[in-house]
Amino acid sequence: MARTTPDVTVIVIVYNDAERLVRAVASLRRQTLRNIEIIISDDHSTDRSPEVARALAAEDDRISYLRLPVNSGGCSAPRNAAIERARAPYLMFLDSDDELPEDACRMLLETLLADDCLDFAMGAVERVRADTGSVGSWHPGLFSEQRTVHGIEEQPELMFDHLATNKMYRRRFMDQHQLRFPLGIHYEDQLFSAQAYCLANSFAIIPEPVYRWHISPYEAEATLSISNQRHRIENVRDRVHVARLVDDFLLENGYQRIKADKDHKFLKHDLRMYTGDLPHRTPEWIRQFTEETSPYLDTLAPEAFARLPRDQRVCIQLLRSERFEEAQLAARGLGRNVGPREVVEDGTGRLFWGSELPADPSAACELDVTEALRSRPFHRALLRHEITRIEPLSDSRLGLHVRTYDAGRQLPMGPVAATVQLATSRRRLRTSFRLDLVRPGLYEGTVTLDLSAVPLALHGFSGARHPVLTITRYRRHNTGPLLAPLAFPTVHQRIAHCVGEHLITVEPEGKGAGRLQVVWQRAGLLARAEPHLPVVRGVIGPHLSVARALTRGLVR
């Protein structure tokens, strides 16, 4: 008896990921579109993935299992092998550590069936943090409304969405253009997606989420995804290599007009992922990183740099000028409205980041922060708050020695009233202190933070929060992060809060700017009640207090 042709084939690739494979396939078995084919394509796993995949195939006749004879070391080979086996006229791709929302296949297929001229359809992506359960969106502005795009040149900003997995492709489109995933490279989605965008006559966008991307920022070294291996110089090299391949494709196929848009995407997204980590890198690593990236940056369109936020332009230029320590300082403020420690003024009154004048006009253009420092209203003024020392004073009290830099001279020449705020919910602890003028543009003060006084809900709190510093002038509030010393020893405290015991860790956050971070963990009875409290997006909610849990006998 002939088998019914499936409406859609979803290809799930896996390598040594037996536990999460079950979750991924379960999301496909829950699809509201029932007539689908599921191919598990295994890149020669050495764990229990083959056993798990065969068991899943035995449970559901829509599932088949394909095992590559040798490990390819990437995503392309298992995807391509499964494409040749796929029976449906439409294709989707899923990684074993992610999921599809239950309506994904139905919504994308209906979009394609409504217009036979569409080559593929794409939808929004949910990003779920494994450590907190919080849910965000991948480039939400790209998916704000449903629409049809007649060629990538209409909306070249879509190059920012380089994922292959949030799209459903018409099989005839892929076969017509021999569109397959490139072998022997990492970040293969970037080249594949660039080719799909350019080769498509038209494609559709829907605003609904069609892919659930699980993010594991603190994954174990042995299981890090390729995109989480940014500490490896080889990873930098791989990303630059695929960017060059995309450039070659664009130029060879007559898409020079979107080259500057692609360059902007590389700077604002790809390069930004690495520069954001600079505070945590060694001088030698930064030197090697600059050697790998600078030659490629020289090939990018000048207008791509001009479209960047000023803080990113400064950081990139400091790297290209081999001012590595200053680049690390600049990187701590990326995206957080943080100013420089100091600036230097030329003979015309222009202000430049750092302690020395730029060496040439092109560097001067990138390092000029005159408008950024002088033209902003006070509530957006670029101040910089650094903690120079953290001093445990008691079981719950910490002394924070704070230094505030005001390179734009927005603060008065005298004492400044400031407040440190720390919140775990809508209520917050506010602690006032005074910043004294040391010299023009530099202030220092000490604030005592009592962590036992931070308002907590009745069921306590588990999670991380970052204190901020606020200065108020003319009834306008300027609030910025507190940058912690990256090398200070972690402080552990056990606090008897009025709602129950908590273990508290005070440390610099391990990634990005290195803000001061306070981590709460329920202890004692609160910890024993925690498994019985409802979880909403990874955060234990207020629907069941510890007292009620105890009353109901849930905690013994």
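Predicted model: local features only at pLDDT ≥ 70, side-chain atom pairs only at ≥ 80, totals over all residues.
A crossing of two helices counts as right-handed if the near helix is turned clockwise from the far one, and as left-handed if the near helix is turned anticlockwise from the far one by less than a right angle.

**View A. Helices H6 and H7 pack against each other.** Here H6 (188–199) and H7 (233–252) come together, with an angle of about 20° and axes 9 Å apart. Angles under 35 degrees count as roughly parallel, so H6 is roughly parallel to H7. H6 passes H7 in a right-handed crossing. On the H6 side, the contact uses Gln190, Leu191, Ala194, Gln195, Cys198 and Leu199. H7 answers with Arg239, Val242, Leu245, Val246, Phe249 and Leu250. Sort those residues by class and you get 9 nonpolar, 2 polar and 1 charged.

**View B. The largest cavity is lined in part by H6, H7 and H8.** The structure holds 3 cavities of 30 Å³ or more, and the largest has about 100 Å³ of space. Its lining takes in 13 residues, and the closest to the centre are Met159, Gln190, Val246, Lys262 and Lys265. Helices H6, H7 and H8 (259–275) each give two or more residues to the lining.

**View C. Helix H8 packs against H11.** H8 turns up again here, this time with H11 (residues 310–320) as its partner. The two pack at an angle of about 65°, and their axes lie 11 Å apart. Which hand does the crossing of H8 and H11 have? This one is left-handed. From H8, look for Leu267, Lys268, Leu271, Arg272 and Thr275; in H11 they meet Gln312, Cys315, Ile316 and Leu319. The class tally for this contact is 5 nonpolar, 2 polar and 2 charged residues.

**View D. Helices H1 and H2 pack together.** H1 covers residues 18–29 and H2 covers residues 49–59. Their packing angle is about 25°, with the axes 9 Å apart. H1 and H2 are therefore roughly parallel to each other. The crossing of H1 past H2 is right-handed. H1 brings Ala18, Leu21, Val22, Val25 and Arg29 to the contact, where they meet Ser49, Val52, Ala53, Leu56 and Glu59 of H2. By class, the residues of this contact divide into 7 nonpolar, 1 polar and 2 charged.

Methods:
Residues numbered from 1 in each chain as written. Heavy atoms only, no water. 1 Å grid on protein atoms, 1.4 Å probe; cavity = no way out; pocket = protein on both sides within 12 Å on 5 of 7 lines; lining within 4 Å. Points joined across faces, edges and corners; volume = space filled by probe spheres on them. Helix = DSSP H or I, 4+ residues; strand = E, 2+ residues; numbered from the N terminus. Axes fitted to C-alpha atoms, helices over the stretch in contact; angles between N-to-C directions. Parallel < 35°, antiparallel > 145°, perpendicular 65-115°, else oblique. Contact = heavy atoms within 4.5 Å. Nonpolar A, V, L, I, M, F, W, Y, C, P; charged D, E, K, R; others polar.
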